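Let's take a friendly walk through a structure together. Have the sequence and the 3D view open as you read.

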Amino acid sequence: MSQGMETGRTARAAGRVWLLVVSLFLLAPSMVLLGTAVTTTGYLAFPPEGFTLGWFAQVLSDPAWVDSIVASTNIALIATVVAAVLAVPAALALTSPRMPGRDTVEALLTLPMLVPQIVLGVGLLQLLLVLGVGRTYPGFVMAHTILALPFVLRSVLTSLRGAPRTLELAAADLGAGPWRRFIHVTLPLMRTGLGAGCLLGFAASYVNVEVSMFLSAPELNPLPVKLLNQVAYTVDPGVSAVSTLTVVLAFVAMLIVDRVSGLKAAGAPS
Amino acid sequence: MSTTTRTPAQPTDTPPAGRRRAAALGGGLSWRQWVLAVPAVLATIILFVAPLGQMVASSFTGGASAYRRVLTDGLYFEVTLTTLRISLIATAITVVVGYATAWCMARCVRSASVQRALLLLLVTPLFISAVVRSFAWLVLLGKEGLVNDIVRALGLSQEGWSLLYNETGVIIGLVYILLPYTTLSIMAAFEALDGRLERAAADLGANAWRRFTSVTLPLTVPGVASGALMAFAMAVTGYVTPAVLSGGQVRVLSMLIYEQTLVTFDWVTASVLAVLLLALSLTAVIFYLRMLKRYAMEGAR
């Protein structure tokens with residue numbers, strides 16, 4: 001007989017079995033990618049036959065793959081920095097109680113994250129071609145800035161709203177000007193939010209397909225788009241090797257986040 | 001007359017410290033705050049409002065004739081139905097699996113490190129491209145894939161199940177993509193749950209099932225609803241998973257938008273389809289935001 005709120009013993013055991021099944025479901029694809037990336041066969045074999053790191057060596061020495069990885073990283077980095085530069089002052093304005101039309105501005109700046117990416121992609125392709133930067137590096141950075149901006153903004157806003165703003169008032173009373181207040185008080189207050197927001201923004205750009213696929217060109221092919229094109233035609237263990245690299249990267253990033261600020265900060269859909 | 005001149009000090013002679021304080025609060029300088037927001041607002045107008053405006057404008061090239069053509073064409077109607085069917089089934093499965101998972105994480109796991117490991121498994125996929133995550137299922141679900149190896153070994157079927165290049169495959173892939181988002185959303189509802197209510201129900205003699213159906217479930221419904229709406233909005237608009245796992249045998253709206261834009265270059269039709277898809281997903285998003293607002297208000301009480 002269960003007492004009070006305690007979940008019964010059998011129910012708990014069944015629950016643990018369920019969690020094991022779900023964990024396997026979540027893990028299976030990563031395991032399969034890793035397995036098919038180390039096979040010695042020329043086709044995808046799972047379980048793998050033999051063991052080789054040759055596929056990793058091959059893709060990392062293939063300029064086409066390396067160019068894609070470099071392009072994705074550059075675009076995501078620049079777009080995140082631009083988004084942060086735009087988001088931080090906007091967040092400061094939005095947390096000031098006296099800003100007119102605050103709710104409208106906040107809704108407008110959040111909206112890009114709620115609109116289907118493929119729809120945004122179609123629109124951005126048409127507009128960037130009109131502006132003469134379709135299918136170019138600057139065009140990509142512009143498109144990805146709008147992907148990253150809402151994530152950085154939401155995250156900075158959340159951290160500023162939870163912070164004790166009285167510290168800024170105290171700094172003002174002690175005679176600190178706006179710049180000193182920002183550098184010594186406000187910036188440290190928003191540090192965690194800014195970090196988490198930049199990570200989310202970077203990821204939003206780095207994993208994006210639905211906008212990038214409209215803007216990519218043969219010489220400018222971000223990694224997810226190149227992977228998509230490869231998967232549509234031929235799959236060999238090299239594709240698994242590249243995929244495995246992205247999975248390992250994500251796991252390492254999450255382990256670092258877990259150490260620094262807790263995983264909730266990265267997963268919270270705020 | 002002499003009494004009226006002796007008014008108390010006016011705000012005009014506030015000391016400098018007070019003025020700085022007012023500036024830090026943003027008082028009296030409200031329009032200066034706007035300057036800080038202008039770059040972000042401009043970027044959003046140029047890179048978000050203008051592209052959508054351009055798209056809507058191009059969908060009305062030649063008046064509403066493109067809309068009339070799309071809305072009366074049997075093919076588009078069929079594809080829309082397929083999109084909705086797949087999305088609804090995937091959302092329903094995701095919500096049930098996600099609810100069970102969130103419940104188990106809240107009630108069956110005591111160890112903090114197991115909790116953290118499970119959270120890691122749920123959060124990490126959000127940082128991996130949908131292409132990579134769908135590609136893995138291409139390997140798993142094939143006729144010679146691991147799943148069918150198990151099916152054959154268990155004697156469930158002689159030649160294995162067809163799980164790829166059909167709606168089943170797309171639904172499995174979508175559930176895999178959506179599960180982390182929905183589970184995290186429902187987990188938040190469990191965290192906000194006041195455990196004392198369940199305990200009170202137990203003290204009043206309610207058995208486990210009764211406690212679940214009349215206390216736990218109703219109190220977590222807002223989390224379920226917002227998780228479901230988010231999943232549905234993502235399923236309806238997703239391109240990658242159906243494109244990879246359908247092998248072109250199943251067609252959804254997002255695939256048609258891609259084809260019209262990059263294969264047949266019919267941008268008017270692509271824009272019309274994009275506007276329809278936008279309307280479909282925004283309906284879900286508006287309900288989602290309302291759920292979140294109501295939820296936040298209930299939480300504040």
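## About the model

This is a predicted model, in which local features need pLDDT of at least 70 and side-chain atom pairs count only at pLDDT 80 or more, while totals for chains, interfaces and linings use all residues. Residues are numbered from 1 along each chain as its sequence is written, and chains are lettered from A and ligands numbered from 1 in the order in which they are written.

## Chain B at a glance

Chain B has 13 helices and zero strands. Both are DSSP runs numbered from the N terminus: helices are H or I with at least four residues, strands are E with at least two.

Of the 301 residues of chain B, 43% are buried, where buried is 20 or more other C-beta atoms within 10 Å of a residue's own, exposed is 12 or fewer, and partly exposed is in between, with C-beta atoms placed from the backbone. Taking contacts in chain B between residues at least 6 apart in sequence, 75% link residues at least 24 apart; a contact is a pair of residues whose C-beta atoms, placed from the backbone, lie within 7 Å.

## Where the chains meet

On the chain B side, 82 residues are in contact with 84 residues of chain A. Helix α2 of chain B (residues 30–59) gives the most to that side, with 18 residues. By type, the side of chain B that touches chain A has 58 nonpolar, 17 polar and seven charged residues. Here Ala, Val, Leu, Ile, Met, Phe, Trp, Tyr, Cys and Pro count as nonpolar, Asp, Glu, Lys and Arg as charged, and the others, Gly among them, as polar.

## The core and A:A87

The largest nonpolar core has 164 residues. Such a core is a set of buried Ala, Val, Leu, Ile, Met, Phe, Trp, Tyr and Cys residues joined through C-beta atoms within 7 Å. Those with the most contacts inside it include A:A87, A:L149 and B:L178.

A:A87 is found in helix α3 of chain A (residues 63–94). What makes A:A87 buried? It has 30 other C-beta atoms within 10 Å. Not counting residues up to four places away in sequence, A:A87 touches A:L149, A:V152, A:L153, A:V156 and B:A40. A:A87 and A:L109 are 22 residues apart in sequence, and their C-alpha atoms are 9.2 Å apart.

## Helix α7 of chain A

Helix α7 of chain A (residues 166–173) has A:E168, A:A171 and A:A172 buried. Its buried residues fall within an arc of 100° seen down the axis, so they line one face of the helix; the arc is that of the directions from the helix axis to the C-beta atoms. Just after α7(A), A:G175 takes a positive phi of about 95°.

Terms used. Contact = placed C-beta atoms within 7 Å.
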